[in-house]
Amino acid sequence: MKYNGGFMKKKKDFDETNKEDLEKNLEQKDQENEKVESEKDSEINPENPDSTESAEADKVKELEAEIASLKDSRLRVMAEYDNFKRRSQKEMTRIYQDASSDVNSKWLDIVDNLDRASEAVSQLDENSDLDTINEALSGLKQIAKQADKVLQDQGIEEIPALNEKFDPNLHAAVLQNSSGEHESGTITQVFVKGYKNKDRVIRHSVVEVAE
């Protein structure tokens with residue numbers, strides 16, 4: 001019986017010892033867990049100066065990178081626009097030069113014909129027969145028609161004037177006719193022909209107008 005009683009006492013002491021050890025282990029585990037949680041909190045805690053500064057620095061770097069990207073995009077767009085303007089200007093200049101060359105070529109043909117007509121007229125004298133004179137005049141009329149054709153091809157047309165009602169937008173009056181033979185405001189004589197391109201007046205007709 002004493003043996004059994006001693007055994008029970010030892011068992012009780014053993015259980016109490018294990019209980020104390022277990023409690024110590026649990027307490028140690030709790031302390032370790034609290035330490036780990038504290039370290040985690042310090043990493044994300046906004047009150048931690050180091051963490052806040054690091055986050056702000058990262059944000060600044062991100063914004064700076066975004067600004068740099070926007071500046072780069074803006075510079076590329078501006079460069080592309082400048083290139084487009086230069087190409088457009090170059091193309092417009094080329095088109096204008098081509099059109100101008102075509103028109104000038106037609107006028108050069110007229111100039112050549114005028115030179116030939118001028119030479120023919122210079123050879124006329126009081127001994128020239130009527131056929132020769134008429135031939136020279138016919139050549140001049142043909143040149144005039146050729147010039148009118150070039151103007152028409154460019155959309156340029158003569159402004160109607162003679163016997164028309166005076167229009168200050170189309171005509172320029174330099175004289176007044178007081179004969180009373182015409183209705184007031186009627187153009188009685190044209191000194192210089194006027195021309196227009198559609199609605200745009202290139203040159204006003206210089207005229208005489210009835211009072």
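Guide: Let's start with K106, which has a relative accessible area of 28% and is partly exposed. Bear in mind throughout that this is a predicted model.

Visitor: Why is K106 called partly exposed?
Guide: Buried means under 20% and exposed means over 50%. K106 has 28%, so it falls in between and counts as partly exposed. D102 gets the label too, with a relative accessible area of 41%.

Visitor: What makes K106 and D102 a salt bridge?
Guide: The cut-off is a Lys or Arg side-chain nitrogen within 4 Å of an Asp or Glu carboxyl oxygen. For K106 and D102 the N to O value is 3.9 Å, so the pair qualifies. They are four residues apart in helix α2, so about one helical turn separates them. There's also a network here: salt bridges with shared partners link D102, K106, K149 and D153.

Visitor: How many salt bridges does the rule give in total?
Guide: The count is eight. Another one is E91 with R94, at 2.6 Å from N to O. R94 also forms a salt bridge with D98, where the closest N and O atoms are 2.9 Å apart.

Visitor: Are E91, R94 and D98 buried, exposed or partly exposed?
Guide: E91 has 36% relative accessibility, so it counts as partly exposed. R94 comes out at 40%, which means partly exposed. D98, at 43%, is partly exposed.

Visitor: And what makes N177 buried?
Guide: Its relative accessibility is 16%, and the limit for buried is under 20%, so N177 counts as buried. N177 is found in strand β2. Setting aside neighbours within four places in sequence, its contacts are H182, T188, E208, V209, A210 and E211.

Visitor: Which strands make up the open sheet, and in what order?
Guide: There are three, in the order β2-β6-β3. β2 (171-177) and β3 (187-192) each have a single partner strand, so they stand at the edges, with one side of each lacking a neighbour in the sheet. From one strand to the next, the twist averages 30°.

Visitor: What makes β6 mostly covered?
Guide: Five of the six residues in β6 are buried. Across the protein, buried residues make up 12% of the 211 residues.

Visitor: How do you know that β4 and β5 pair?
Guide: Strand β4 (residues 195-197) and strand β5 (residues 200-203) share three bridges in the antiparallel sense, and at least two are needed, so they count as paired. One of the bridge pairs is Y195 with R203 in β5. The two strands form a hairpin with two residues between them, and K198 in the turn has a positive phi of about 60°.

Visitor: What is the overall make-up?
Guide: Three helices and six strands. From the N terminus on, the order is α-α-α-β-β-β-β-β-β.

Visitor: Where is confidence lowest, and where is it highest?
Guide: Lowest in helix α1 (residues 2-44), with a mean of 56, and highest in β6, at 97. The mean pLDDT of the protein is 82, with 76% of its residues at 70 or more. Over residues 1-11 pLDDT stays under 50, and the model has zero contacts beyond four places in sequence for them. Where pLDDT is low, the predicted coordinates should not be read in detail.

Terms used: Residues numbered from 1 in each chain as written. Predicted model: local features only at pLDDT ≥ 70, side-chain atom pairs only at ≥ 80, totals over all residues. Heavy atoms only, no water. Axes fitted to C-alpha atoms, helices over the stretch in contact; angles between N-to-C directions. Buried < 20%, exposed > 50% of the residue type's maximum accessible area, 1.4 Å probe, protein only. Contact = heavy atoms within 4.5 Å. pLDDT = per-residue confidence, 0-100.
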